[in-house]
Amino acid sequence: MSAPEKPTQQGHRDPIEVLAEKLYIEMCGRVYSVSGGEKPQPKMLAQLSFRLAEVFRQANNEFNPTAIAARVAKDKATVNLDNVQIDFGAVGKPK
């Protein structure tokens with residue numbers, strides 16, 4: 001019997017990077033599995049993958065109703081400190 005696998009802890013990964021990696025793997029599989037013809041350099045496919053991932057995330061935030069609702073809820077939950085005014089002159093004055 002083999003020992004049970006321990007879950008590995010991975011740090012937080014950028015969602016753009018994760019999506020770009022998936023796109024890159026898929027594109028490489030499609031491009032390099034076809035015989036014949038000129039193939040683009042892997043670095044060019046990586047750049048294209050990141051561009052596509054960024055555009056997809058932007059479009060997702062503009063057109064996906066679930067993403068829009070999540071963004072609106074997050075905006076409502078945050079505190080805008082630009083509108084907060086604190087009078088530090090009143091602190092420490094005797095009453």
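Start by selecting Ala 67, which lies in helix α3. Helices here are DSSP runs of H or I with at least four residues, strands are E runs of at least two, and both are numbered from the N terminus. Before you go on, note that this is a predicted model, where local features need pLDDT of at least 70, side-chain atom pairs count only at pLDDT 80 or more, and totals for chains, interfaces and linings use all residues. Residues are numbered from 1 along each chain as its sequence is written, and side-chain values use heavy atoms, with hydrogens and water left out.

**Stop 1: around Ala 67**

Is Ala 67 buried or exposed? Ala 67 has a relative accessible area of 14%, so it is buried. (Buried means under 20% relative accessible area, exposed means over 50%, and partly exposed is in between, using a 1.4 Å probe and protein chains only.) Now show its contacts, meaning heavy atoms within 4.5 Å. Apart from neighbours within four places in sequence, Ala 67 touches Asn 60 and Asn 61. Select Arg 57 as well: its C-alpha atom is 9.8 Å from that of Ala 67, and the two are 10 residues apart along the chain.

**Stop 2: where α2 meets α3**

Colour helix α2 (residues 42-63) and helix α3 (residues 65-77); their axes come within 5 Å and cross at roughly 80°. Axes are lines fitted to C-alpha atoms, for helices over the stretch in contact, and angles run from 0 to 180 degrees between N-to-C directions.

Which residues make the contact? Pick Asn 60, Asn 61, Glu 62 and Phe 63 on α2, then Pro 65, Ala 67, Ile 68 and Arg 71 on α3.

**Stop 3: along α2**

Next, look at α2 from end to end. Its 22 residues should span 32 Å at 1.5 Å a residue, and its end C-alpha atoms are 31 Å apart, which agrees. (The expected span is 1.5 Å times one less than the number of residues.) Select Leu 45, Ser 49 and Ala 53, which are buried. They lie on the same side of α2 because they cover an arc of only 80° around the axis; the arc is that of the directions from the helix axis to the C-beta atoms. An α-helix has 3.6 residues a turn, so residues three or four places apart point the same way. Turn to the other side of α2 and you will find Lys 43, Arg 51, Val 55 and Glu 62 exposed.

**Stop 4: over to α1**

What covers the buried residues of α2? The cover includes α1. Helix α1 (residues 15-33) has 19 residues and reaches 27 Å from first C-alpha to last, close to the 27 Å expected. Highlight Ile 16, Ala 20, Met 27 and Cys 28, the buried residues of α1. Their arc is only 105° around the axis, which puts them on the same side of α1, and they pack against α2. On the other side of α1, Lys 22, Ile 25, Arg 30 and Ser 33 are exposed.

**Last stop: the whole view**

Zoom out to see three helices and zero strands, running α-α-α from the N terminus. Of the 95 residues in the protein, 8% are buried.
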